[in-house]
Amino acid sequence: MPDVIGLGEIMVQFNAVTPGPLRHVVYFEKHAAGAEANVLVCVRRQGLSSGFITKLGKDEFGIYLYNWLRGEGVDVSQVKFDPNAPTGIYFIQRGFPIPGRSSVVYYRRGSAASKLDEDDIDPGYFTNAKIFHLTGITPALSESALRASKKAVDYAKKKGCKLSFDTNIRPPLWRSMEDAAKTLLPFVEKADIIFTDMADTKILLGETDVDKAIKAYLSMGVEVVVFKLGAKGAIAATKSEKVEARGYVVPVVDPIGAGDALAGTFLASRLKGLELEKSLKLAVAAGTLVVTVRGDQENLPTQGDLEAFLKAFGSED
Ligand code: KDG
């Protein structure tokens, strides 16, 4: 079974070639992207195995995404095609109205992945898997995707697989932020590792102090908290250790997907037995590489790429 399993939606991302309001953008570039899928491809680039549980539309985009995942070496044995629902797509507007930031417009309601349900989760798939990675996006897709998420967490825990949870609150997918907090907190409570940031933490805990938030997550039973600080880097903490990795100043083309590169690299590094500090340093470097291009997955680095990056940039610490 794969080292890391993910459940969620992969979509076709149409990334604006030029920055500015989408109404004026003429050219879009096609990419494969989606939070959990990004992590799984990242894990593969880092030399470990991964597998995705999802549903795709039986359409051209579904075939493209299936071939993409297979080409990246992600196990696709749990990928199903739904002939009655389309593959989700979304558009990215870059650099407007805030230079260096991006925003997304989804066309995913009723998508094949939103039809994921409990019976799409095979308990046997979790046997011997080491980590199950889920984000706050999948439980937000639909009632049935929420059921599937809960079921997958139950199976993973029963099989002794660690739960990695990225809080990833995407406001357009929720009825309200209260609903997001109520739905996602039980996942945080069951998680062994979480990835989060200040925006999500304000919604989940109503907390605005990083140290207090980390303490609160640890007291909920989370073993490792990875707290992302945007361009400033990230903190990783356990009950006995706290490390920080600084960010790097690079030209930002599209920041979307950086958090998944960070999560995937951190998980892979921990599975390889690297210490907390080194794992976080590599993870922040991976996130940095992703923001310098359009697309979430193309710049996901190998460990060799990261060593080269750190040799060039890391010597200042
Ligand atoms: O983490 C990056 C993802 O957010 C992006 O690729 C799209 O999965 C996506 C989502 O649902 O926002």
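The model is predicted, so local features need pLDDT of at least 70 and side-chain atom pairs count only at pLDDT 80 or more, whereas totals for chains, interfaces and linings use all residues. Residues are numbered from 1 along each chain as its sequence is written, and side-chain values use heavy atoms, with hydrogens and water left out.

- Glutamine 93 is placed in strand 6, where strands (E, at least two residues) and helices (H or I, at least four) are DSSP runs numbered from the N terminus.
- Glutamine 93 is buried, with a relative accessible area of 14%; buried means under 20%, exposed over 50% and partly exposed in between, for a 1.4 Å probe and protein chains only.

**Backbone features**

- Most residues other than glycine have a negative phi, and most peptide bonds are trans.
- The peptide bond that joins phenylalanine 96 and proline 97 is cis, with omega at about 5°, and proline 97 sits in the loop between strand 6 (89-94) and strand 7 (102-107).
- Asparagine 128, in the loop between strand 7 and strand 8 (131-135), has a positive phi of about 70° although it is not a glycine, and asparagine 128 is exposed, at 62% relative accessible area.
- Asparagine 168 also has a positive phi, near 30°, and belongs to the loop between strand 9 (162-166) and helix 4, but asparagine 168 is buried, with a relative accessible area of 7%.

**The ligand**

- There are 14 residues around the ligand, of which Tyr90, Tyr106, Arg108, Asp260 and Asp296 come nearest; a residue counts as near if one of its heavy atoms lies within 4 Å.
- By class, this shell has seven nonpolar, three polar and four charged residues, with Ala, Val, Leu, Ile, Met, Phe, Trp, Tyr, Cys and Pro counted as nonpolar, Asp, Glu, Lys and Arg as charged, and the others, Gly among them, as polar.
- Oxygen atoms of the ligand lie 2.6 Å from an N or O atom in the side chain of tyrosine 90, 2.5 Å from a polar side-chain atom of tyrosine 106 and 2.7 Å from an N or O atom in the side chain of arginine 170.
- Taken alone the ligand exposes 310 Å², and the protein buries 96% of that, the accessible areas coming from the Shrake-Rupley method with a 1.4 Å probe.

**Tyrosine 64**

- Tyrosine 64 lies in helix 2, which covers residues 60-71, and counts as buried at 18% relative accessibility.
- Although tyrosine 64 and phenylalanine 91 are 27 residues apart along the chain, 17 Å separates their C-alpha atoms.

Technical notes:
A polar contact is a pair of N or O atoms within 3.5 Å; within protein, one must be able to donate a hydrogen and the other to accept it, and residues adjacent in sequence count only if both atoms are side-chain atoms.
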